[in-house]
Amino acid sequence: MTLSRPRAFRSLFVLLAGTCIPVLASGALGAPDNTGADGGARQGIPTSVSYEGFALVRATARTLREQMTLDAMGQMASCRGGVGVPVDYILSPQSLAALRMTGIPHTVLNANIETLLRAERDEIARRASQRDLAWFNNYHPLAEIETYLAQLVATYPTMASSFNVGTSPGNDGVQYTMRGIAVSGPDTPQNPRANRPQLFFNACQHAREWISPATATFIADQLLEKYATDARVRALLDHVEFLIIPVSNPEGYVYTWTSERLWRKNRRNNGDGSRGVDLNRNWSYQWGLNSGSSPSTGNETYRGPSAFSEGETQRLRDFITASPRIRAHIDFHSYGQLILSPWSYALGVPPDNSAFAEMNPQIRQAILNVNLKQYTAGPGGSTLYLASGTAPDWTFGQRGIWGWTIELRDAGVEGFILPPDQIIPTGRENLAGVMVLGEYVAQPFRFSFPDGLPAAWPTATAQNIRVVASNNNNGEISPTGGRVYYRPASGGTFVSSVMVYDGSGQFTATIPGQACLEPIQYYFEVASTDGRVARYPSQAPVPGSVLSRATSGTEQNLFADDFETDRGWTYATAGDNATTGRWVRCDPEQNAAQPADDFSNPGTLAAFTDCRAGGSVGDFDIDNGTTTLTSPAINATPPEGFTASEIYVSYARWYSNDQGSAPGQDTMPVEISSNNGATWTALETVNENLNAWTVKTFRVSDFVTPTATLRVRFVARDLGSGSVVEAGVDDFRVFANGCPCRADFNNDGTSDFFDYLDFAAAFAAEDAAADFNGDSVVDFFDYLDFVAAFDEGCE
Ligand code: ARG
Ligand code: ZN
């Protein structure tokens, strides 16, 4: 192997004194000496010279000597150089290795230029193979759309066929055949077309929404064209079939071309001088609601005299009903840039919203990625407005077909009169959205999670997640083909582990413990026996299509008291003036205002305002004033080595003030002090009468700064006359939640020899706690990791 630079080097970056002729200028690449022995090179791009492994590096020479070193190592790619200036160089792998040893500051901009060249060659070839898209530079009347569809069928005879769903009613005297185009990969004996699930798209129920038939036609066109060159389209078309009807309201569409550009409805003669039924209010599912449709003939949302009164909706209904392989449906409209899932007729979502919850954000993201156009995704009724008797409500509500309305461009500037130069961009972005939906329909399985997905999980604790894969499209589970992928949200590559299969559709994924408070990203994958895979989320690991979860820190108690022993609380404070029912540590006796037991388990004692039940509920309760329970001073500073920690106060409390003749007269302030009781800040003012122990947790920093002299007090009182007040406190804790020092194996707040002993014991017992590196096995690497952490110690 030669270490010399490729010969094309100099022609890539031509440097002249003071001037810089940019890369890829005419001539430079077409030079005959670069043409490969095969005579070149697709599209005149030389392919015989490879830049495999050559990097583009930005380096800054600090001295003239360093600059000379750099110049000798590689080819300058910047227009200007000099000491102290960042300069780009193209470096061979060997030069890059040498540069690393010099210590000259640099960053690698691209590790392998050949990947760029390869992508450029592919893109040029792809573009050159494309037919002229000029037809999509303008809108077309019905007859031209039909001619175009016929041409597509003639051009792609093995993939496209036309179908018709019958004729329109002829309200203006002419009946039109309602035509569609079916698009799928070629029918083969191994992969019969008749086995493929279908997606049904219709457009132009509303006559004036011209971008919708244009987009539907564009999608058909591009699927057909890209099959030959785009692996993703090919994989999709080999597993699903698209059924596309660009003009669902042909009579209305013709009318917008001949007479009235902004006509919306069909052309029914309503017999009262008005014309037209809103076809998208005429479908039978929840037809006839006045919220979202109109009974008035002259209204733009006139729903018709009965559900499916219109020939157009009848034709579409009968076609869908006769096509049991249809799994998904999109009804294209304009305008608004919206992706609307059910329901339209009501606010809210259907009982099984899982497909929509999964698809809405992924379709939105795919559309966004193409031209950075924001489409809003959500349930139709709440995202846009109520509309009853719509097509997608019927396809989903009546037929179980996942149904959407997509409102195409724009977001409300030119509206229905969208300039024709937006047809292709609108088509491209929606093709991307449709691909995502198609791939969802095509995937062999769908996923469900019997226990849900965890909301958050504790640091360093492995999580088991049950994953059920059910057939979606000819999927037979490969028992060893289930994997879970995960990585820290901060980056890195996904690692995966096999999910354990139970033989009947259910996998168990185990995600090992993660670094403390480091959110993770994850997704699932199940393979079918024929080598396809399904993922959850379906587009994973595309950005935005992975699951992500926060990991919570671990808790460490700084003070914990179950009141079974005396931990230094003060039960009486100067100024307390209650004459009965003062705080004591005791075992409560039940009456209408008191519990039968303390809160702790095990345990019997709590702090209480006199535990005795007495003969009537008013005996031994608080009377005539205040009684105060005050904690000892607590060191509420984070423990040694505990980082990112938050300090919390938590307690179980009992409060009763709804018995007796004057209920609800009193409250119990709970207060916190960070200065040993000199001043107090309210934590809560209790007035609930739950007749139950209730656990409350507060983050200290929301109230006061946690200090080494934190105190909490409970001010129970009977200020009104005649009311019965009882209060209790149990299981009082101050704890830190954060990231413990890893060397503090036993979580006692210090790292010492006992951590070593405890780890060694857990390791010997192969206890899961000894899985120190969180990889789900206890092995020598855990031992090494622990020793390393122990050597580091805690701050
Ligand atoms: N613009 C469409 C129409 O009025 C939208 C209907 C879809 N759903 C909805 N909830 N608005 O027919
Ligand atoms: Zn519409």
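**Figure 1. Packing around helix 12.** The buried residues of helix 12 make contact with helix 9 (311-321), strand 11 (326-334), helix 10 (354-371) and strand 14, where a contact means heavy atoms within 4.5 Å. Here and in the other views, helices (H or I, at least four residues) and strands (E, at least two) are DSSP runs, numbered from the N terminus. This is a predicted model, in which local features need pLDDT of at least 70 and side-chain atom pairs count only at pLDDT 80 or more, whereas totals for chains, interfaces and linings use all residues. Residues are numbered from 1 along each chain as its sequence is written, chains are lettered from A and ligands numbered from 1 in the order in which they are written, and side-chain values use heavy atoms, with hydrogens and water left out. Helix 12 covers residues 391-399, and its buried residues are A391, P392, D393, W394, T395 and F396; buried means under 20% relative accessible area, exposed means over 50%, and partly exposed lies in between (1.4 Å probe, protein chains only). Helix 12 is followed by G400, which has a positive phi near 70°.

Figure 2. Ligand 1 has 13 residues around it, of which N280, R281, S344, Y385 and E407 come nearest; a residue is near a molecule if one of its heavy atoms lies within 4 Å of it. The shell residues divide into 3 nonpolar, 7 polar and 3 charged, where Ala, Val, Leu, Ile, Met, Phe, Trp, Tyr, Cys and Pro count as nonpolar, Asp, Glu, Lys and Arg as charged, and the others, Gly among them, as polar. Helix 11 (380-383) and strand 14 (402-408) each supply at least two residues of this shell. A nitrogen atom of ligand 1 is 2.6 Å from an N or O atom in the side chain of S344, while an oxygen atom of ligand 1 lies 2.8 Å from a polar side-chain atom of N280. For R264, an N or O atom of the side chain is 3.3 Å from an oxygen atom of ligand 1. On its own, ligand 1 has 340 Å² of accessible area, and the protein covers 98% of it, with areas taken from the Shrake-Rupley method and a 1.4 Å probe.

**Figure 3. R208 in its loop.** R208 is placed in the loop between strand 9 (198-203) and helix 6 (211-226), and it is buried, with a relative accessible area of 12%. Leaving aside residues up to four places away in sequence, R208 touches T256, R261, L262, W263, R264, E300 and F416.

**Figure 4. I211 in helix 6.** I211 is found in helix 6 and counts as buried at 2% relative accessibility. When residues up to four places away in sequence are not counted, I211 touches Y139, S334, L408, R409, L418, Q422, I423 and T426.

**Figure 5. S309 and its polar contacts.** S309 lies in the loop between helix 8 (250-258) and helix 9, and at 16% relative accessibility S309 counts as buried. A polar contact of 2.7 Å joins the side chains of S309 and E310; a polar contact is a pair of N or O atoms within 3.5 Å, and within protein one must be able to donate a hydrogen and the other to accept it, while residues adjacent in sequence count only if both atoms are side-chain atoms. A polar atom of the S309 side chain also lies 3.1 Å from the backbone oxygen of S306.

**Figure 6. R653 in strand 29.** R653 belongs to strand 29 (residues 643-660) and is buried, with a relative accessible area of 3%. The side chains of R653 and E688 are joined by a polar contact of 2.9 Å. Not counting residues up to four places away in sequence, R653 touches a set of residues including E684, V686, W693 and G728.

**Figure 7. Strand 28 and strand 33.** Strand 28 (residues 625-630) has 6 of its 6 residues buried, so it is largely enclosed by the rest of the structure. Strand 28 runs antiparallel to strand 33 (residues 711-718), and 6 bridges join them; two strands pair if DSSP finds at least two bridges between them. The bridge partner of T626 in strand 33 is R717.
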